Amino acid sequence: MIWRAPAAVLLAVWLAGCANLPFFGKKSDEQAKPPPAPPTYQLQIETPDAAVRRLLQTYLDLARFQSVPETDAITSVELDRLIAASPSQVRSLLETEGYFNAEVHVARDKAASGLPLIRVNVAPGARARIEKWQVDVSGELQKSAQADNEDAVVELAALRRRWPLKVDEPFRQAAWSEAKNVTLARLRAEGYPAAAWLRTDARVDAQANTVQLHVVADSGPLYKLGGITIEGLQRYDEEDIRRLTTFGPGQPYNEQLLLDYQERLQKVGLFEGAIVEIDPDPATYQAAPVRIRVKELPLQTATVGVGYSANTGPRLTLEHVHRKVFGQRWIAKNKFEVGPLLKSWQGELTSHPLEGLYRNLVSGGYERLRSADEWRTSWTARVGRTQDTPRIERLYYAELTHSRLDTAAGTASSDAASLNYHWIGRHVDSVLLPTRGATLSLQGAVGYAIGRDIEEQGIVEGRGPFTRAFGRFTWYKPFPDDDTVPQRWFLTARAEAGQVFARDRVGVPDTLLFRAGGDESVRGYAYRTLGPLVNGVVTSGRLMAAGSVEIARPISPKRPQFLWAAFVDAGNAANRWSDLHAALGYGVGLRWRSPVGPLRVDLAYGQEVRRVRMHLSVGIAF
């Protein structure tokens with residue numbers, strides 16, 4: 001499954017991003033400000049620590065008042081006041097970074113230009129480190145843990161294990177504040193939304209340069225979920241919302257449980273937005289009301305888009321959605337795509353949510369595709385059922401498939417009937433923009449195929465049963481694995497393989513066979529141009545294997561959503577494993593972690609064809 005954004009959405013997001021650039025939209029605040037006055041004094045900060053120098057250059061009043069509007073230029077009397085106050089201010093700033101024994105000397109001199117020269121000499125000394133930390137909890141969580149309640153014992157242990165500030169780490173005020181905020185947020189998210197700090201102590205021993213931390217939280221009561229109230233429904237049924245729940249009255253509150261439910265509401269295709277929250281009133285903790293607010297999508301929408309794909313070139317798309325077709329609880333989707341290399345129609349009829357997070361579906365499609373000097377004409381008809389849980393997607397369906405392939409070597413057509421099962425498991429930090437975790441996609445099919453090769457001597461027919469298997473594993477890992485580090489490396493590794501098992505004479509439809517090459521396969525090669533050669537023509541193979549390793553890093557700490565990347569891809573398709581020879585592609589690219597998914601632009605060199613290709617893609621392949 002490849003999630004892709006409509007071209008119109010991408011254009012809107014791109015323009016929104018451009019509005020932040022100085023040559024788009026309104027003038028920025030900096031452009032509107034009056035020019036700064038010429039400096040009335042010079043400042044020289046002398047310290048052996050570059051980080052300390054940056055801190056003082058950013059926040060010390062003597063540094064900040066050097067560049068002010070001409071109307072606010074400081075006087076000689078104000079400069080004397082700043083100089084007198086600067087030693088105390090320097091010490092206060094350094095204490096926030098854990099330096100409690102700083103030596104500060106400020107001297108006033110005259111620069112060669114005749115302006116006053118202020119020298120600030122700072123010896124920060126040793127940075128204080130954490131000697132001891134202790135996390136305690138009172139209230140119901142503590143009582144339940146003392147009574148050996150397993151859930152409470154596990155939660156309290158996890159709260160302490162996740163405390164961010166460990167022994168011998170440097171003490172910083174920002175990290176101390178963040179640790180308290182994160183720990184309290186975790187406690188509130190795990191069933192205790194009324195939790196609050198009773199005390200938070202940081203005891204500093206300036207002589208020993210050590211800090212002892214002690215925090216005590218009052219957990220408050222364990223909240224349990226009550227009844228559901230729904231707001232914002234006009235067109236669609238309340239049943240559509242209730243059937244997506246995986247919780248019931250009396251179940252302990254968990255923030256992630258409601259967030260997963262909120263995500264399901266937003267993905268169901270009926271709502272533009274959804275908010276799910278409980279009433280945090282302590283008086284209702286035994287049955288906290290769950291309030292659901294939704295903003296419905298229109299009953300019908302039509303979208304026209306113009307786009308470009310590195311795989312199939314330019315295209316015009318028309319998409320229509322009816323979310324309650326014929327007044328029934330079904331969603332009808334039709335999408336037409338027209339371009340010089342691809343003409344297609346996809347239609348789908350999907351039921352509103354059923355019990356157990358299931359949905360019924362009926363779908364069909366037609367496609368005429370040109371790739372690798374061939375034309376492929378195909379259609380499919382499918383009836384099945386799908387289930388979408390927080391981490392797992394399942395799809396069961398029966399399918400009829402037809403494919404006709406016209407190449408320089410001749411024409412081949414085939415038909416197949418099959419039973420299919422698809423399974424996708426995701427354990428990632430974000431489905432839209434994953435940076436940590438893994439996904440696994442598995443596909444299996446059994447069926448019967450009839451193939452016909454049209455040759456000069458007549459039609460050669462081959463029929464028989466077949467099975468098909470495919471799997472893809474993707475792993476995401478940041479280095480270092482610390483969300484507080486602004487400049488990190490992001491590793492993405494992918495491995496995939498598939499095979500069709502059938503006798504050689506059985507003509508399996510081309511849509512069920514394999515090729516490699518393209519944006520989501522082996523970059524550096526055109527779409528579907530890697531496969532076994534028959535009479536000098538690239539054909540689809542009965543097996544395929546491919547892999548990729550990519551490393552990415554933000555271009556700038558100030559713009560972490562923009563990254564550069566380097567990658568190596570390898571893979572190919574063949575009819576026998578002994579004939580499989582990996583084609584190598586490698587290159588560099590740019591990434592934009594946009595609100596609608598990652599946008600990737602790559603320049604890749606295909607070693608087999610000795611050419612450089614540009615690849616453009618949006619979304620994540622599962």
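Start by selecting Phe326, which sits in the loop between β11 (313-322) and β12 (330-338); helices (H or I, at least four residues) and strands (E, at least two) are DSSP runs, numbered from the N terminus. Phe326 is not a glycine, yet its phi is positive, about 55°. Before moving on, note that this is a predicted model, in which local features need pLDDT of at least 70, side-chain atom pairs count only at pLDDT 80 or more, and totals for chains, interfaces and linings use all residues. Residues are numbered from 1 along each chain as its sequence is written, and side-chain values use heavy atoms, with hydrogens and water left out.

Next, go to Asp168, in the loop between α7 (150-161) and α8 (173-189). Asp168 also shows a positive phi, about 80°, without being a glycine.

Now pick Phe479 and Pro480: the peptide bond joining them is cis, with omega about -5°. Pro480 belongs to the loop between β19 and β20.

Stay with those strands for a pocket. β16 (392-407), β17 (410-428), β18 (437-455), β19 (458-479) and β20 (489-501) each give at least two residues to the lining of the second largest pocket. A pocket is an open set of points on a 1 Å grid over the protein atoms alone, where a 1.4 Å probe fits, with protein on both sides within 12 Å along at least five of seven lines; lining residues have an atom within 4 Å of a point. Its volume is about 950 Å³. Of the 37 lining residues, select Ala412, Asp453, Leu513, Thr539 and Arg542, which lie nearest the centre. The lining divides into 13 nonpolar, 14 polar and 10 charged residues.

Finally, show helices α3 (residues 50-59) and α5 (residues 76-95), whose axes come within 11 Å and cross at roughly 125°. They pass in a right-handed crossing. To see the contact (heavy atoms within 4.5 Å), select Val52, Leu55, Leu56 and Tyr59 of α3 with Gln89, Val90, Leu93 and Leu94 of α5.

Note on methods
Axes are lines fitted to C-alpha atoms, for helices over the stretch in contact, and angles run from 0 to 180 degrees between N-to-C directions. A crossing is left-handed if the near helix is turned anticlockwise from the far one by less than a right angle, and right-handed if clockwise. Grid points are joined across faces, edges and corners, and a volume is the space filled by probe spheres set on the points. Ala, Val, Leu, Ile, Met, Phe, Trp, Tyr, Cys and Pro count as nonpolar, Asp, Glu, Lys and Arg as charged, and the others, Gly among them, as polar.
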